[in-house]
Amino acid sequence: MPSVKRSLVLFVLVFVTTTLLVLTGSAVVRAEMAPISDEAILGRREPIVLESLLARYTYFAQDGSGYQSKAGPPGGPGSEWLHVHEPQVEVVFRQGDRIRHRLWLPIDIVTAASPVTKPDAVSAASRYNQAVALDWTTSYRATRAVTLSLREGVHVERMFRSYVLGLSASFASENEDRTFTVGVSQTNDWFDVYDVTGRRHGHANRSTSGVSFALSQVLSPTTIGELNYGLTVQAGELGNTWGGVPTNTGDRDSESYPGRRLRHALVGRLAQFLPWNGAARVFGRFYDDTYGIVAFTMELELLQRLSRAIYVRASYRAHVQSGATFYTTRTTPGTSPATADSDLQELGARTLGAKIAFDIPTGNTFLGARTTHLDVAYERYFRTNDLHVDVISCAVGFRF
Amino acid sequence: MKRLVLCSIFAIQLSCVGGVGPARRAKLADPMMQFSEDSLETHRKQKLESTREGAAGGDGAAAGGGCACQ
Amino acid sequence: MRGRLPLLALRTLGALAALAALASCGARPTSGAACPIGTTIPPLELSSIDGRRLRVRDEVAGKPALIALWATWCDPCVRELDALDRLALAAAPRGGVVVGVSVGEDEETVRAFLTRRPVAFVDVLDPSLAFARALDLVSLPAVVVLDREGRVVYAGETLDRAALTAFRAALGVRE
């Protein structure tokens with residue numbers, strides 16, 4: 001009997017132990033069985049996902065002279081000394097799988113020589129001019145091949161407002177080697193009219209309508225090319241209204257422009273990866289417009305990767321253009337159109353530049369960013385008609 | 001003109017070797033191979049040119065010339 | 001200068017015409033379409049990132065599998081790695097397997113990347129795209145789900161809800 005009792009006790013013990021072991025075991029197994037639900041694997045579906053954040057600061061220091069500037073003697077060229085501080089911020093975020101937004105905020109703080117002189121047509125109170133813009137582009141990936149984009153922008157200065165609306169559609173080939181993009185845009189400017197003596201004459205409008213076609217093509221695993229044609233029609237007041245033209249009587253008259261301008265630009269780009277972990281980029285552009293300006297621009301950039309995270313760039317750009325048919329530095333008073341804007345003169349321009357960029361993998365350890373970007377660039381721009389600009393730019397960015 | 005024809009023939013021959021496809025774009029994905037490394041840099045370059053050259057713009061970029069915006 | 005410009009213009013147009021010719025002929029279509037449902041994966045021998053020679057077909061034999069094609073330079077692919085890790089850990093005790101296929105890149109590049117960012121699944125190298133092409137997959141990222149018999153039951157672009165649903169069905173588990 002005692003043996004029966006002992007067996008019973010033993011049975012109970014074994015049963016309890018086994019049950020406990022099974023329960024514990026299954027709990028262990030359950031613990032190892034990580035959930036396989038959509039949320040457990042893909043994470044919680046966030047309505048907005050930050051993709052990248054980039055901030056850039058650029059400083060432009062310009063010096064030279066031009067006949068449009070009033071910072072000089074009547075009949076002679078005036079100073080075009082100018083400094084610009086330009087911070088910019090760009091935020092890119094995704095909304096769901098198909099929608100992507102880009103928000104861009106540039107701010108310009110301009111210090112110029114011309115407005116300081118009297119009559120102070122541009123700036124009644126200050127030699128400084130601030131401008132701020134907000135630009136929002138939304139892209140919708142309708143299918144794997146088709147992407148539609150909508151761009152809205154507003155630009156505000158003390159005496160200037162500008163609104164832009166753009167639409168574009170991109171079509172990719174089945175293997176995504178070729179992309180064709182067509183875009184239209186409409187910009188409306190609204191600004192105060194000041195004459196050359198600084199007197200205000202209400203407001204003026206300017207309309208800029210553009211259509212562009214771009215074809216990009218992957219040519220080989222190391223080569224990509226792009227062709228772009230753009231047609232722009234401008235109408236309304238096309239000058240700044242307060243610019244001066246020296247007259248043959250030794251005085252200064254107001255500039256005046258045609259009421260319409262048609263512009264054609266054809267651009268070709270080619271990028272080639274080089275065997276020594278470098279790249280070459282070539283840019284060519286032909287331009288023609290109804291002001292009588294014909295221009296040609298060529299740019300060559302050579303890039304070299306120094307390590308996985310660092311590359312450097314050297315660039316050279318050359319630009320030649322003929323002058324507008326109504327460019328003059330000695331006009332007869334009352335002649336229209338007439339301009340002394342040195343931008344519209346026959347000129348040549350060269351730009352030399354260098355840049356170093358860092359793309360540092362931070363593996364989500366720094367502000368949750370996968371990559372942190374830093375770059376510093378310097379450029380010197382010089383024009384044959386007495387103008388040069390030094391440009392310093394630096395950026396910090398995060399890719400999430 | 002002769003050079004142009006030769007160039008075109010060479011280009012066509014080059015291009016007809018077959019498609020590349022997205023899986024062979026390791027080199028093309030390098031930031032060095034982007035025509036514009038970032039859009040803020042593109043803007044600063046366009047700004048420099050469009051306010052100093054009457055022939056800038058017209059190709060989707062800001063139109064310049066005849067305007068004293070800096 | 002005006003006299004020189006037409007010549008320059010002609011040269012530019014010539015160069016651009018050449019580029020246009022290039023662009024017009026460039027892409028003989030290589031299919032970007034996903035591989036057909038019901039096909040089996042090729043018996044190709046590839047190198048794994050840990051130095052083994054293996055056949056993906058043997059690696060997944062008798063197990064439901066999810067194969068993810070990716071590359072270190074492909075942003076959407078890299079963004080998926082966390083989810084693939086979680087899926088590999090969740091699938092293993094349920095008898096399933098996740099295999100990564102590094103497409104179009106050499107061993108050194110992939111190894112350097114995986115040293116910085118290790119993954120929880122087996123990764124094999126397909127530098128010549130032989131495996132990807134055999135499955136008619138040339139887009140990245142790409143995801144294929146296989147049943148226990150090694151047949152393709154789902155093919156898509158990314159590891160999304162549809163891919164997960166197909167993989168769960170192959171595993172015989174419900175959410």
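Predicted model: local features only at pLDDT ≥ 70, side-chain atom pairs only at ≥ 80, totals over all residues.

Residues are numbered from 1 along each chain as written, chains are lettered from A in the order written, and side-chain values use heavy atoms without hydrogens or water.

Let us turn to chains A and B. In chain B, 41 residues are in contact with 83 residues of chain A, contact meaning heavy atoms within 4.5 Å. Together the two chains bury about 5000 Å², 55% of it on carbon and sulfur atoms; this is the accessible area (1.4 Å probe) lost on being put together, summed over both. B:Met32, B:Phe35 and B:Arg52 supply 17% of the area that chain B buries against chain A, more than any other three residues.

The rule finds 14 salt bridges across this interface, each a side-chain nitrogen of Lys or Arg within 4 Å of a carboxyl oxygen of Asp or Glu. One of them joins A:Asp108 to B:Lys47, at 2.3 Å from N to O.

Now to chain C. Which residues of helix 4 (residues 107-116) are buried? They are C:Val110, C:Phe113 and C:Leu114, buried meaning under 20% relative accessible area and exposed over 50% (1.4 Å probe, protein chains only). These residues lie on the same side of helix 4 of chain C because they cover an arc of only 95° around the axis, taken from the directions from the helix axis to the C-beta atoms. The face turned away from that buried side carries the exposed C:Glu108 and C:Thr115.

How values were computed:
Helix = DSSP H or I, 4+ residues; strand = E, 2+ residues; numbered from the N terminus.
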